[in-house]
Amino acid sequence: MLRLPAALLVALPLLHALAVHAASADEDPEANPAPRESISVTGERERAPDWNYRRQHLLPEVDAASNAITVTKRSSVARLDEQPPVLDNDVRALFARLPGLFVSEQQNPSQWNFSYRGLGNPQESEFVLVLQDGLPIESDWIGFPTIYYTPMPQAIESVQLIRGGASLLYGPQPAPVLNFVSRPTDPRVGMGGGSAENVFGAHRMFSTFETWSGRREGWDFRVNAGERGGEGERSNGGYRVTQGDLHAGYVIDSRRRLDLDLHGYGSTSGDPGRLSLAQYQADRDTTSTPFNRVWVERDTAVLRYEDKPDARSGLAAKLWTGWQDLARRTAAAAVAPQPQPATTVVEDQRFRYTGLDVRWLQRWSRANAFTAGAVLYDSTSPWRQYVSGNL
C-alpha cells in the first residue's frame with residue numbers, strides 16, 4: 001500500500017483548486033485581457049515657496065519700529081494692498097487673512113465686536129487689545145476696554161495680529177493684539193502725491209477718502225480726510241462717519257527723529273435693534289428699537305521720538321493724550337402691536353487719557369537682542385445717566 005506524506009495530502013486540494021482556476025481562465029478571454037497601451041504622466045516639481053514673500057506676512061524677529069522682540073511669537077500680517085478694497089463697514093473682509101479672529105457683525109458702525117477663537121464675549125471687543133501704530137485705541141485702556149473707534153481701511157497699510165500671551169508686549173492684558181499700521185508717507189521728494197476714492201451704493205451709501213503726502217528737506221507729511229454714510233437696510237439704521245489724520249515728521253540728524261500725529265474721528269448712527277428668529281422670518285426689515293442712537297467723538301495727539309546711537313541700539317518713546325465722548329440713547333425693544341416703551345435712558349461718558357511708552361533695544365554678538373521698557377498711563381472717565389419720558 002502506497003502511503004503519501006501528510007503534507008502532500010494537505011496540499012493536494014489546493015493544487016487541484018489552482019488547476020481548475022487556470023483551466024477556467026484559459027476558457028474565459030476576459031480573464032486574460034489583451035495588453036493595453038501604457039499611459040505616462042509627467043509634470044514639473046512644485047517650486048519651493050518664496051520665503052521672502054512669506055516673511056512679509058510675519059512680524060520681524062526684532063521690530064525696530066517698536067523695539068520689541070517678536071521672534072517665536074505667533075503672528076500674522078494682512079497687507080491691504082494685496083486684498084480687494086474694503087468699503088463701508090465690511091470688517092469681516094478686512095480681517096479675512098487673520099485666522100482665529102472672530103468678528104460678530106453689527107449694522108451699527110460705531111460698535112466693533114471682536115474676539116479670539118470664540119473666547120470671551122465679543123461685544124465691543126472687550127477681550128481683544130486693539131492698537132493703532134502700537135498705541136491702544138480702547139475707550140479706556142484699563143478701566144473700560146471697549147472699541148467705539150477704528151481707523152478707515154483706506155488709511156491703513158497693514159493689520160497685525162499677535163496671538164495669545166505674546167500680547168504682553170503691549171501691556172497687562174493677556175489677550176491677542178490687533179494692531180492697525182498707518183500708511184507711510186509718499187517716498188517721492190517734494191509735494192509727493194495723493195489719491196482720491198469715491199464710492200456710491202445702495203441705501204444711499206457713499207464713501208469718500210482723500211490723502212496727500214510727500215517729503216521735503218528733512219520733513220515728511222501726510223494728510224487724510226474721509227467720510228462715509230448711508231441710510232442702512234432698516235429704519236433707524238442710518239449712520240455717518242468722519243475721520244481726519246495729520247502726520248508731520250522731522251529728521252533731526254542721522255540718529256534722531258521726531259514725529260507728530262493727530263487723529264480726529266466722529267460718528268453718529270442709529271441702532272435698529274436685534275431680532276429674534278421668528279421676527280426675522282416674519283419681516284427681516286423690522287426695527288425693534290426705533291429710538292436708539294449712538295454718538296462718538298474722539299481726538300488723539302501722539303508725539304514720537306526715536307534715537308539710534310548706532311546700528312546695535314535704539315531708543316523709542318511715545319507720548320500720547322486725547323479724549324473721547326461716548327453718548328447713547330437706549331430704550332426697551334418693542335415691535336408692533338406691542339406698546340412703545342414709556343422711558344428712555346440717556347448716557348454720557350467722557351474719557352481723558354494720557355500715556356508714555358519708552359523702550360530700549362540693545363543688540364550684541366551675532367543674533368542676540370535685549371529689550372526693556374516702561375509704560376505710564378492715566379485716565380479718567382466720568383459717567384452720567386438720565387431717564388427721560390421723551391423717547
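I take buried to mean under 20% relative accessible area, exposed over 50%, and partly exposed in between (1.4 Å probe, protein chains only). The model is predicted: local features need pLDDT of at least 70, side-chain atom pairs count only at pLDDT 80 or more, and totals for chains, interfaces and linings use all residues. Residues are numbered from 1 along each chain as its sequence is written, and side-chain values use heavy atoms, with hydrogens and water left out.

Entry, Ser207. I found Ser207 buried, at a relative accessible area of 4%. Ser207 belongs to strand 11 (residues 205-216); strands (E, at least two residues) and helices (H or I, at least four) are DSSP runs numbered from the N terminus. Neighbours within four places in sequence aside, Ser207 has contacts (heavy atoms within 4.5 Å) that include Gln154, Glu197 and Arg228.

Entry, cores. I count as a nonpolar core a set of buried Ala, Val, Leu, Ile, Met, Phe, Trp, Tyr and Cys residues joined through side-chain atoms within 4.5 Å. The largest one has 31 residues, and Phe95, Leu98 and Phe180 are among those with the most contacts inside it. Elements giving it two or more residues include helix 3 (91-94) and strand 8 (156-162). Strand 8 gives the most, with three residues. A second, separate core of twelve residues includes Leu129 and Tyr170.

Entry, backbone. I looked up two serines with positive phi: Ser125, near 60 degrees, and Ser365, about 55 degrees. Ser125 is buried at 0% relative accessible area, whereas Ser365 is partly exposed at 47%. The peptide bond from Ala336 to Pro337 is cis, with omega near 15 degrees. Pro337 sits in the loop between strand 16 (313-331) and strand 17 (344-364).
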